[in-house]
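Hi everyone, thanks for making time for this. I'd like to walk you through one structure today, so let me put it up on the screen.

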Amino acid sequence: MTEARPGETTQDLLRELRETIARQERELRLHQSELEQTNAGLLALHAEVELQRQRSAFLDEVSRSVSASLRGREVVDALVALIEREHVADSAAVWLVTTEPRALKRLPGPDDAPDSEVMRVIAKHQPHVEPKRLLLPLTVGPHLLGVLELHRDTEFTGEDVTFLTAVAARSAVGLRNASEYERERELAERLQHAMLPTLSTPDDLELCARYRPAATGVNIGGDWFDAFTRADGTIVLTVGDVTGHGLDAAVVMGKLQNALRAYTAEGHRPAEALRLAHHLLRGLDSTLFATAVVADLELSTGRMRWASAGHLPMLICADDGIRYLERPNAPMLGVPFAFDISEYEETITPGSDLLLYTDGLVERRNEVLDDGLARLTGAVGGIAGLPTDEAGDAILSEMLGRNEHDDDVCLLLCRWSARPGRPARHRARHVTVPR
């Protein structure tokens, strides 16, 4: 307690005490105000940091979403779903530039002609901002891929435009990757189909050939089929598979396919044709190998001769049931050594189905090969009575379903129409062609 000084009364002491208390209260209020302002600033800073964190996380999620697929429609669907799910906008759409000059396609939604504002953004590569509508160009460098259209009930601020411009930039990268992939895939598919032959055989021999590229990767590989009638009337059937994918595999495939046709057209038997193809492949500047099966069929007698180099067995469906023509196999074509190739002979009956195929039809990563071969037997057992083309499609549908396959698939279904006076039973023998 403050002690009284000489000449100072109790009233003076009380007054001084009240002034001290008042001064301390003012200082306390000042400190409280400063603290509140500091807290408000910290909260605002925390909110800004959290907003930036959320936006950074959203941008990362955009990058992951648009990179998860290499199909343009799937990229757009993923982007629109992400924007609407995270309430970045109430609705979103993407206008994609098509192959026609200045033509656009809206996804998702009706494919109506774009309005003038979309065309203005397209022409200037600049954002178009309305209070509740935002149009952002999707560009990668100088290339314009489309426009991102956003709508919401609240107005877009300047900060929103800056952030959503970054969203559009990341989205454009994913769309560019998908566009380039789809263009390469389309070109590769056209090349692949251009290299596959047109089938021509007698009327009483029906053929169905199907080729399905791998669902992932560039749409070009080393699977092939061929069927033609030799000058002496013999039907020649071949199916093969070059290891690997891409342009190198397609080039080797084209050379082997043409070589085997030339060898067999000259009259070489299946084993000899494969031996020549093996030495051809060894002489190429390539590290690739190949499997192949070659068969020739005389319709006048029903005699079929065939040989196989590392390939899966042909399957035959006849009056006596469904079975694989399993015989000892030669090694793959192109391996760095010579080898003997066995050739087999069998007589088949009219009304029989013969199926040649590549491993993509039956091999799966999550099952053993025998399971795939058993499934193929069941699929072939279900095509009785179907026209040949429908039978081939039914086999593919049963074996592949709707799942994406990571390998090329090729099949050649040969159906010998039933005619009277043809051979009635199977008999088999084999010879060996030396190296």
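Let me start with Trp306, which is buried, with a relative accessible area of 3%. By buried I mean under 20% relative accessible area, while exposed is over 50% and partly exposed is in between, using a 1.4 Å probe and protein chains only. Before I go on, a word on where this comes from: it is a predicted model, where local features need pLDDT of at least 70 and side-chain atom pairs count only at pLDDT 80 or more, while totals for chains, interfaces and linings use all residues. Residues are numbered from 1 along each chain as its sequence is written, and side-chain values use heavy atoms, with hydrogens and water left out.

Now the overall picture. The protein chain comes to eight helices and 16 strands; these are DSSP runs, with helices being H or I of at least four residues and strands E of at least two, numbered from the N terminus. Of the 435 residues in the protein chain, buried ones make up 45%. Taking contacts with a separation of 6 or more, 66% are between residues 24 or more positions apart, where contact means heavy atoms within 4.5 Å. The chain exposes about 22,600 Å², with carbon and sulfur atoms supplying 52% of that; accessible areas come from the Shrake-Rupley method with a 1.4 Å probe, and for residues only the protein chains shown count as cover.

Back to aromatics. How many aromatic pairs does a search of the whole structure find? There are three. For the cut-offs: rings of Phe, Tyr and Trp (its six-membered ring) pair if their centres lie within 6.5 Å, and planes under 30 degrees apart count as stacked, over 60 as edge-to-face and the rest as tilted. One of the three pairs is Phe58 with Phe163, a tilted pair at 5.9 Å centre to centre and 55° between the planes. That pair links distant parts of the chain, with Phe58 in helix 1 and Phe163 in helix 4 (residues 158-195), 105 residues apart. Phe58 and Phe163 are both buried. Our opening residue, Trp306, forms a tilted pair with Tyr344, at 5.5 Å centre to centre and 35° between the planes. Here the link runs from strand 10 (residues 303-309), which holds Trp306, to strand 13 (residues 341-347), which holds Tyr344, 38 residues apart. Tyr344 is buried too, with a relative accessible area of 4%.

Next, strand 5, residues 143-151. Is strand 5 mostly covered or mostly uncovered? It is mostly covered, as seven of its nine residues are buried. Two strands pair if DSSP finds at least two bridges between them. Strand 5 pairs in the antiparallel sense with strand 1 (residues 91-97) over six bridges, and Leu96 stands opposite Gly146 of strand 5. Strand 5 also pairs in the antiparallel sense with strand 4 (residues 133-140), over eight bridges, and there Leu135 has Glu149 of strand 5 as its bridge partner. Strands 4 and 5 form a hairpin with two residues between them, and Gly141 in the turn has a positive phi of about 60°.

The peptide bond from Leu107 to Pro108 is cis, with omega near -15°, and Pro108 is in the loop between strand 2 (104-107) and helix 3 (116-124). His87 is not a glycine, yet its phi is positive, near 60°. His87 lies in the loop between helix 2 (72-85) and strand 1, and is exposed at a relative accessible area of 69%.

Finally, charges. Side chains of opposite charge can pair when their charged atoms come close. The search finds 21 salt bridges in the whole structure, each a side-chain nitrogen of Lys or Arg within 4 Å of a carboxyl oxygen of Asp or Glu. Among them, Asp160 and Arg152 meet at 2.3 Å, N to O, and both residues are buried. Salt bridges that share partners also join Arg106, Glu130, Arg133 and Glu149 into one network. You'll remember Glu149 as the bridge partner of Leu135.

That's my tour, and I'm happy to go back to any part of it.
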